[in-house]
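Me: I'd like to walk through this model with you, one question at a time. Could you take a look and tell me what you find?

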Amino acid sequence: METLIIQLLNGLDKGSAYALIALGLTLIFGTLGVVNFAHGALFMIGAFCAVTLNRILTLSHTVIDDTQKDFLGNPLKVEVPYVNGIFGEAAGNFIIDWTVPLAILFAIPIMVAVGVIMERGLIRHFYKRPHADQILVTFGLAIVLQEIIKAFYGANPIPTPAPDAFKGSFDFGVLLGFDPFTVIYPYWRLIYFVFSMIIIGAVFAFLQFTTFGMVVRAGMADRETVGLLGINIDKRFTIMFGIAAAVAGLAGVMYAPINSPNYHMGMDFLVLSFVVVVVGGMGSLPGAVLAGFLLGILQSFASMSVVIETIPGINQVVIYLVAIIILLTRPRGLMGRKGVMED
Amino acid sequence: MLGLKKKDATLFLIVVAMVIFAPFILNPFPSDSSLAQFNAGYPDLMQRFLIFGIFAVGFNILFGLTGYLSFGHAAFLGVGSYAGVWMFKLLGMNVLLAIVSSVLMSAIFAVVIGFISLRRSGIYFSILTLAFAQMSYALAYSVLSGITNGETGLQLSHNDPRVLGESVNADGSLPVPNFFGIEMRATETLNLGPWSFDFNAGYYVCAVFMILGFYLAIRIFRSPFGMMLRAVKSNQQRMNYTGLNTRPYTLAAFVISGMYAGLAGGLMVSMDPLAGAERMLWTRSGEVVLMTILGGAGTLIGPVLGAGFIKYFENIFSKINDNVLHGWFAFMPDGLENALVWLIHPFIGKGWHLTLGILFMLVVIFLPGGLVEGGQRIRGLFRRSGKDAAKDNAKATKHPAE
């Protein structure tokens, strides 16, 4: 029982990342009808926003500290971050410690800007072209973005720690009445899950309860009619692209402490996210979220040692296997809408 | 000639001549000159040109003709490689055995994967093939390591049975792949003044298969079968409405292109008897997509050009480093020199993928017909000076699909 709960929890954080990326992919697909292979790269850029902010905050200058001596008896040279000079030492250290949460604020404008530039500059010209062309050009863009990041940050993963307050693990089992230390779960992963739920909730609320969201939903259903009513639907869809990019970026920012960002993390997630989108049903937002969590949890259950002993290798292939079965038996995916991308 | 129309026969002869004389064509610079680093005429790279050329030609039969974009073709390359190495291990070191088994094995895989994947089209087909390839990769890496030797990769060893040959040579070394006694690594070097040209046995084995494969591709393109595949691309629904079941045709195309990929895998291990799982990774599938699109999907010569282009730049471009650049720009004032080197630095050496990505995007955006369309447009520009410009223009717009 304890192992089951642990695996369920383990599945949640990976599932959250899948759900967030798949949500963004579906937003783009549902509004603009574009299959965005560069979405994984947006996730990666988000993670590197956290890295960049960390680098900016820890920019430091050398100060000679007379109170400390090195082994030769000379005054020690200490690197002092500029933020310490501005806010004082305690506040400065606190800010550096909280880089990753702060990077959320830093990443939102950047990601929206990246998304809007991408849509206006490139993807806009591909609406009328076949899906294969869209896949190809965004695939090329993904390579370019990832190589740019590689050129600036190198090929090695860059550790980006979570704030000290969230280090360590949380004894989840005690809450449920198990013995202590049977079900423990890192705090940050719990936070990641909660954060993704908030983001997902915010996106759905935005689409459901605001006029802007209503217009966007109407545009998803029938773009032409909305356009004929005198609404500038293109502008709204561009903004939605920015929002989708921000969702992917935030997923990346918060994922940085779980998995040190490297330049190809986006591609690794992208393949699975596409599978998630297809399983959930092309164009269905709830489907994407549901499938994200389902596949995340499924993958984590499949990596239990009992399961691996019965069916060796299942943990590696379960997602693809499920995707193949679903695609063949339920062509529209779990919650796909009728008439979206049907052959 | 050979059942080809005049235009195709010319193209075929050009390709044959290029392949045969490649050791000369690719080594235009004297080996002691500073430009020698642009010579691509060394055996390893020439073999890769042809192997990836075969891979891309096969991919083009599926993507170029039917429009089905497979993102999992590397799986067949990997299967072919493994089958080839197993043949070396079990039977003997003759490359013919390995290549035949590679092609057959990948054909079996292609039948299975194609039968399932082709039930859907468009993006779903891409995802299905991607899923299958990733699955093969994951399995080869973990569970099937008994067959694939997991992370280390499958290689020859002293304990292999090799029924038709001997397990170990008399001097204790491992036998090398050969074609009825001619070793694949055997190279004749011809020195002509400052030039030197390498003639490699393995290269010419690849060349034979390349020429056969290319000939077959032309025949497929010009056959009623090829016409049917094109019809599938332009409007599959209409084909179905006319009462025609397109599935056998697309499946046949899928299997043929899978066999080309298997052939490429078999040739790869014939040149270097080592097969690893990373050959199946989806980025490898992406590479062949890049080659085909860059050269010109749906054209005969495009994929070959694309494969050559990418492999050339992968090997030559990535060798240019800052020192070389400093050497080139040495005549400039120091500040300008450093600025130029700094500017070019991200695009060369290890960053050549960036150049490739940008180039690929430019091609997809502006030249959907790839390098071939680019060539046609340039030719069109020169011809336009004539009086019947409009007529030529119409011709040029009609031809890019060829």
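Me: Happy to start with a turn: which residue takes a positive phi in the hairpin of β4(B) and β5(B)?
Reply: This is a predicted model, where local features need pLDDT of at least 70, side-chain atom pairs count only at pLDDT 80 or more, and totals for chains, interfaces and linings use all residues. Residues are numbered from 1 along each chain as its sequence is written, while chains are lettered from A and ligands numbered from 1 in the order in which they are written. The hairpin has two residues between its strands, strands being DSSP runs of E with at least two residues and helices runs of H or I with at least four, numbered from the N terminus. The residue with a positive phi, near 60 degrees, is B:G193.

Me: Nice, and how many bridges pair those strands, β4 and β5 of chain B?
Reply: Two strands pair if DSSP finds at least two bridges between them. Here β4(B) covers residues 187-192 and β5(B) residues 195-200, with B:L190 opposite B:F197. The two strands run antiparallel, and the number of bridges is six.

Me: Is B:F209 buried or exposed?
Reply: B:F209 sits in helix α8(B), residues 201-222, and touches B:I54, B:L263 and B:L267, leaving out residues up to four places away in sequence. Contact here asks for C-beta atoms, placed from the backbone, within 7 Å. A residue is buried with 20 or more other C-beta atoms within 10 Å of its own, exposed with 12 or fewer, and partly exposed in between. B:F209 has 22 C-beta neighbours inside 10 Å, so it counts as buried.

Me: How many residues of strand β1 of chain A are buried?
Reply: Strand β1(A), residues 60-69, is joined by seven bridges to the antiparallel β2(A), residues 75-81. A:S60 stands opposite A:P81, and in the hairpin, with five residues between the strands, A:G73 has a positive phi near 90 degrees. The strand has 10 residues and lies largely in the open, because the number buried is zero.

Me: Last one: which element gives the most to the side of chain A that touches chain B?
Reply: 32 residues of chain A are in contact with 34 of chain B. The elements giving two or more residues to that side of chain A are α6 (131-153), α12 (265-280) and α15 (314-329) of chain A. With 14 residues, the element that gives the most is α6(A).

Conventions. Contact = placed C-beta atoms within 7 Å.
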